[in-house]
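Hi everyone, thanks for coming.

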Amino acid sequence: MTNRLPLSLSLFAFAAAAHAQNISIAAASASTLSASVGTSQQVIPVAAGPLAASGYGGAAETDGAGTHALAELSWNSTVHPYSLDVYLDASAWVTGTAPAQADGGPHELIVTLSSPTPMPISLRLERYVGGTAGNPLPVARVDVNDDGAFELDDLSPPATDVFVLVGPTPVAIRCQLGAAVVGSGSVFSSLRLTGTPGNATAFPMLSGCIEAGYVVSPRFDGNLDFWVNSQHPGIAVAVFGLATQPLYLGSQAPGPFSPVLPCVLIPRPDLIVLLPSLAAETLVVPPVARPLMLYSQSVRLDSGVLATSRAFQIYEY
């Protein structure tokens with residue numbers, strides 16, 4: 001591969017390409033949030049239809065003497081060049097001794113993923129539920145492709161991974177969640193959906209001799225983002241190579257009370273990029289270069305000492 005595709009600036013370039021993945025959230029059906037204390041009650045409707053990228057709804061009631069009831073629903077979705085995240089949360093709380101209850105849901109939300117061009121996405125589904133004994137079990141289920149088969153439910157492990165092909169035809173994901181409590185106590189139900197590129201991976205390899213906080217993240221568009229996420233004195237560079245060529249650069253202690261560790265540069269230094277700030281840089285990988293195996297690591301020059309970060313092995317399919 002090295003002879004056929006040499007690593008050079010004629011093949012790899014730098015840019016700030018825009019990501020094109022889209023997330024939308026909608027309520028599949030109408031639901032309510034309700035809270036009551038004694039004979040007083042507040043009911044907040046959740047109308048069917050499109051929702052904002054993030055939002056919150058809550059119903060609250062109190063008797064003014066120390067008893068409070070609260071039912072909540074919140075959601076948030078974000079898209080980055082290298083990941084997409086959806087958080088859905090429902091909770092119900094009652095404090096105090098007066099007769100009270102809080103009921104949130106169940107709610108049915110449709111999360112829709114789309115992209116102008118087809119691309120594989122590795123989707124991790126996670127559910128978090130809990131609460132006070134004696135209350136109804138919280139609801140937390142996920143049905144990828146909205147086909148009636150739940151990939152995540154009460155009987156499944158709390159986290160699972162699925163592979164989806166996202167393109168102009170949207171991928172619909174039905175999410176059910178809800179929480180209710182009667183009397184003093186609390187119940188919560190949370191779902192998290194995390195998507196990363198399904199055609200690229202970055203595996204951490206050998207740890208470095210300093211805590212440099214170097215990160216390499218494959219992007220949905222096939223390129224690579226890389227940056228240092230912690231500020232240290234000295235000058236930092238990112239090193240990329242199509243092969244490994246371990247080179248001992250010296251030894252250093254990560255901290256005043258840490259043992260001295262060897263500083264070993266793992267990648268062959270085919271390309272070196274200055275990292276003048278904490279901002280992410282983008283390495284553009286043309287389709288002609290794939291499939292590709294690449295190695296990357298950060299090196300910092302501080303007071304005449306060369307220190308290395310953790311190294312990464314990167315696959316582009």
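Let's begin with Asp-146, which is partly exposed, with a relative accessible area of 30%. Do keep in mind that this is a predicted model.

So which residue does Asp-146 pair with? Its salt-bridge partner is Arg-174, and the closest N and O atoms are 2.7 Å apart. Arg-174 sits in strand E13, residues 171-182, while Asp-146 is in the loop between E11 and E12, so this pair ties together parts that are 28 residues apart in sequence.

How many salt bridges does the structure hold? The count is 10. Another of them links the side chains of Asp-154 and Arg-141, at 3.9 Å from N to O. Asp-154 is in the loop between strand E11 (139-144) and strand E12 (159-166), and Arg-141 is in strand E11, so the pair connects parts 13 residues apart in sequence. Asp-154 is partly exposed at 41% relative accessibility, and Arg-141 is also partly exposed, at 26%.

One more pair for you: Arg-268 and Asp-270 meet through their side chains at 2.9 Å, N to O. Asp-270 is partly exposed, with 27% relative accessibility.

Last stop, Ser-83: is it buried or exposed? Ser-83 is buried, at 11% relative accessible area. It lies in the loop between strands E7 (68-79) and E8 (84-95). Leaving aside residues up to four places away in sequence, Ser-83 touches Thr-78, Gly-195, Thr-196 and Phe-220.

Terms used:
Residues numbered from 1 in each chain as written. Predicted model: local features only at pLDDT ≥ 70, side-chain atom pairs only at ≥ 80, totals over all residues. Heavy atoms only, no water. Helix = DSSP H or I, 4+ residues; strand = E, 2+ residues; numbered from the N terminus. Buried < 20%, exposed > 50% of the residue type's maximum accessible area, 1.4 Å probe, protein only. Contact = heavy atoms within 4.5 Å. Salt bridge = Lys/Arg side-chain N within 4 Å of Asp/Glu carboxyl O.
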